[in-house]
Structure formats: C-alpha cells, structure tokens
Amino acid sequence: MFGQVLWWTEIAAEALLLARAIGTKFYTKYTSFYFYVTCVLLVDLFRFGVFTTLPNSYPLFYWRTQFLAATVGYAVILEMYTQALKKYRGVVRVANGLLLCILAAVMLKTIAGAVSGSGWSPGETMAALERDMRALQAALLLVIIALLAYYKIPTGKNLMGIVVGYSCYVATSVLCLGFGSLPGFGPRPAWRSVQPIAYLATLLIWCLTLWSYHPNPGPDPGSKIERDYKLLSDQTKRILSKARSYLKMGGEL
Amino acid sequence: MSQLLPYLFLGLLLSAVLAWWVWDAIVHRSTAEVLTPRQHRSTARSVGSQRDLGERIFGTEDWDFVLHETPSEIQRMFQRERTVLALAWLRRTRRQTSQVMRAHVAVARQSEDLQIVVEIKLALNYLLFLGLCNSLIGWVWLLGPVRTRKIVGHTLQWAARQRAAFAQLMARVDPASCRVVGTNFNHGTVRN
C-alpha cells in the first residue's frame, strides 16, 4: 500500500513539474533536464501499466527500465555541467581534465576486469550494473560540485535545486544499491523503499526550486575585485591586457 | 563486505561535498569577500612587524629570560599569556592564507588560462596548510608555544614555499593580484 502511494505521488510530482515548465515556458532553458523528467514519467506510467496487466513480467521490466532511467540520468549531469560552467572557460578546462581522469579510471577498470576474466561484469546482475552506473554518476557529480564550491561559482535557484535534488538521489542510490547487493539487505521491504523515498524527496526539491525561472547569475562585471583593479590604475589595466594577449600567443610572462 | 566500501565511501563523500557546497552558498552568499588593495596597503605596512611577531612569540629568548630570572608563578603566567598570543597569531595566519586563496579563486574562475595541475596542487597545498594550521593550534593549546616552536618553524618554512607557488600562479593569471599575494605571505621562519 505504502509503495503504491509513493508511486502515485511520484507520478503526480513528475507531471506537475512538467506541466509547470510547459505552462511557464521555461522548459527550453533546461532541455536535457526536462528530457530526463519526461523519460522517467513515461517509464513510471509504463511500469504501472505492466504491474496491473502483467504482474509476472514486472520484475524483469522494472530492472530493464531502471537501467534506462539510470542511463538517461546522465542528461541531468550534462545539464548541470553546461548551465553552471558555460561562462567560465578556465573552470571548464579543469572540469574536462578531471572528467577525463574519471573516464580513464573507468576504462582501466573495465580493461583490467576483461583481461583477468573476473571482477567487473556488466551482465552480472541488473542491480550491480545500476549500482556501477550510479557510482560513476556520483563521481561526475562530485567533480562538478567540488568545482562549484571551490571556485564559488554563483548558481541560480533552479540550478541549485537540480544539483541538490539529483545529488541526494544519486548518493542515496549508491549507498542503497551497495548495501542491497549484500546478502540479507536486499530483500528487506523497508530497505527497498529507501530509494523511492529519496526519489520522491528529489522530486519535491525540484518542484519547489523549479516553480519559476531563476537564471544563473553570470560573472559579475562590476565585482569588487574588478573595481579595485580600476582603482589601482589605468596603467595596470594596460599591462594586464598586454600580458593576457601575450599569454594567449603562447609566450611566458 | 569489503566490496561495499568504495560505494559507501563515494556515497558519503558526495553527501559531504554537497552539504559543504550548500552550507557555503547559504552562509557566504551575501558576504563574498576578496582582498582589496586597501587591505593590501595596510598589510604591506605590517609585514615586517608580523614576521617579527611570529619569531618573537615562538622564539626562545623571552622564555629563557623568564626561566632564569623569575619565579615559577611568573613562568606559568608567561606561558598562559604566550599561548593566547600564539593562538591569535596562528589564527591570523590562517585567516590571511584563506584571504589569499579567496583572492586567487576570485581571479582564477574568470581566467581562461587555468592549468589543471597547478590548480590541483594549489588546492591540495591549501588543504594541507589548513590541516597543519589547525593541528598546530591544537598543539599550542595543549602544550604551549615554547614546546611546539620546532613544529611551527617547519610549518612556516613550508608556508613560505607555498607562497612562492601562489606568486608564480598569480603572476600568470593576473599580475595585479600577484602584488596582493606577495604582501600576505612574508612570514619568516622561526628560529629553533
């Protein structure tokens, strides 16, 4: 019964989120994010249809669609990446470097597993595959959030909601699926409802923060440090622009 | 159970970093602070005295004098007051390092010439410095400045090397900010 209530509430929240975005016409501002929400809503509706009409096929259908939802989840990360860092080219360079490191680590792990003939195996179980996908998402989110926090990149209410909501869900999923793979944890009904509750919390965060459009504040052209440079002297500015153009040409200061 | 540890670590780390980011965004949103040239000028005047102060607080001269010339009650009083001074000095050093880091981050995030290796090195150095500084504060609080002067000396030598790395980076990113950095890290080493 509790599971059914969660299910319906999730579907209602997803529909509300989409309806609000379409009503206020800002879904085009976060295309990848709303693509994810649409996919998940469709998956939930299909699941409900299968659950009521073909209950025996439901477990298999659930895991296959869960894999699809986890894959589409990368669209949310792409949204965060483009929205948060598009005006900060230097930070994008750092982010790209770190993301490449993660990609290299994943490839090494895959190759090592394939060579040794053991270890990582995508076909082991669907739950294990989802766990690994969520773990990779967690690593990517970790990089993006660490950069946002370290460089104190200003974020609007919408983006903050997307980041906080999805990160909470991914962190909970990684922990849940990790523990769920242990014998004795997975089958417990209470344990199995943790992930849907976390997802419902995420949807509530999204509904609250994406109710109206709040664009990301860009780099402040009149920031304190910028004004102080002006105060320093016009000469310093000329030297600065010369130095930057010199650096762009590949020279050294 | 051991195969669970990476997932547990990753999940908890993500939660911790997220909490830190949200807390930082909420608390520091309205109080974004960067080094200004006005502060720069005031600190420039006090660089020499600050270096002398550090050497004086952790040096042995005063303690030797108090140890040989005064009764034990005065010695205890000296240690108490010197501990308070040392803690204040260390906290100020930590605050100034953080200001330099904030100034660096404020300039670096708008720069197109960021270098990932230097950035990571700086971030790790800064984290290490904060850890060291906090542990020093703990040691001084527990043992007093006289007994911990060797550790403080090593830390300040290390901080001076850190300053060189900052200056190098800031010179690339923004020559004007380089001056700001230069004025805040001229702590000398402490004589052991």
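## Helices α3 and α6 of chain A

In this predicted model, α3(A) and α6(A) meet through a defined set of residues: W63(A), Q66(A), F67(A) and A70(A) on the α3(A) side, and M126(A), L129(A), E130(A), M133(A) and R134(A) on the α6(A) side. By residue class, this contact comprises six nonpolar, one polar and two charged residues.

Helix α3 of chain A covers residues 58-72 and helix α6 of chain A covers residues 126-150; their axes come within 10 Å and cross at roughly 10°. Angles under 35 degrees count as roughly parallel, and α3(A) and α6(A) are therefore roughly parallel to each other.

## L142(A) in helix α6

L142(A) is a residue of helix α6 of chain A. Is L142(A) buried or exposed? The cut-off for a buried residue is 20 or more other C-beta atoms within 10 Å; L142(A) has 21 C-beta neighbours inside 10 Å, so it counts as buried.

Once neighbours within four places in sequence are set aside, L142(A) is in contact with L13(B), L14(B) and V17(B). Within chain A, the C-alpha atoms of L142(A) and S167(A) are separated by 8.6 Å, with the two residues 25 apart along the chain.

## Helix α7 of chain A

Helix α7 of chain A takes in residues 157-180. Its 24 residues should span 34 Å at 1.5 Å a residue, and the end C-alpha atoms are 34 Å apart, so the two values agree.

Of the 24 residues of α7(A), 21 are buried, and the helix is therefore largely enclosed by the rest of the structure.

## Positive phi at two lysines of chain A

Most residues other than glycine have a negative phi. K25(A) is not a glycine, yet has a positive phi of about 60°. K25(A) sits in the loop between α1 (2-24) and α2 (31-53) of chain A. Because K25(A) has 9 C-beta neighbours inside 10 Å, it counts as exposed.

K152(A), also not a glycine, has a positive phi of about 50°. The loop between α6 and α7 of chain A holds K152(A). With 18 other C-beta atoms within 10 Å, K152(A) is partly exposed.

## Chain B: overall make-up

Chain B contains seven helices and zero strands, and from the N terminus on its elements run α-α-α-α-α-α-α. Of its 192 residues, 27% count as buried. Among contacts in chain B between residues at least 6 apart in sequence, 82% join residues at least 24 apart.

## Helices α4 and α5 of chain B

Helix α4 (residues 72-108) and helix α5 (residues 116-143) of chain B have axes that come within 9 Å and cross at roughly 170°. Angles over 145 degrees count as roughly antiparallel, and α4(B) and α5(B) are therefore roughly antiparallel to each other.

Residues of α4(B) in this contact include T83(B), A86(B), L87(B), L90(B) and M101(B); among those they meet in α5(B) are Y126(B), F129(B), L130(B), V140(B) and W141(B). The residues of the contact of α4(B) with α5(B) divide into twelve nonpolar, three polar and two charged.

## Confidence in chain A

The average pLDDT of chain A is 79, and 79% of the residues score at least 70. Over residues 224-253 of chain A the pLDDT is below 50, although this stretch has 28 contacts in the model beyond near neighbours in sequence. Where pLDDT is low, the predicted coordinates should not be read in detail.

Definitions and conventions
Residues numbered from 1 in each chain as written. Chains lettered and ligands numbered in written order. Predicted model: local features only at pLDDT ≥ 70, side-chain atom pairs only at ≥ 80, totals over all residues. Axes fitted to C-alpha atoms, helices over the stretch in contact; angles between N-to-C directions. Helix = DSSP H or I, 4+ residues; strand = E, 2+ residues; numbered from the N terminus. Parallel < 35°, antiparallel > 145°, perpendicular 65-115°, else oblique. Contact = placed C-beta atoms within 7 Å. Nonpolar A, V, L, I, M, F, W, Y, C, P; charged D, E, K, R; others polar. Expected span 1.5 Å × (residues − 1). Buried ≥ 20, exposed ≤ 12 C-beta atoms within 10 Å, placed from the backbone. pLDDT = per-residue confidence, 0-100.
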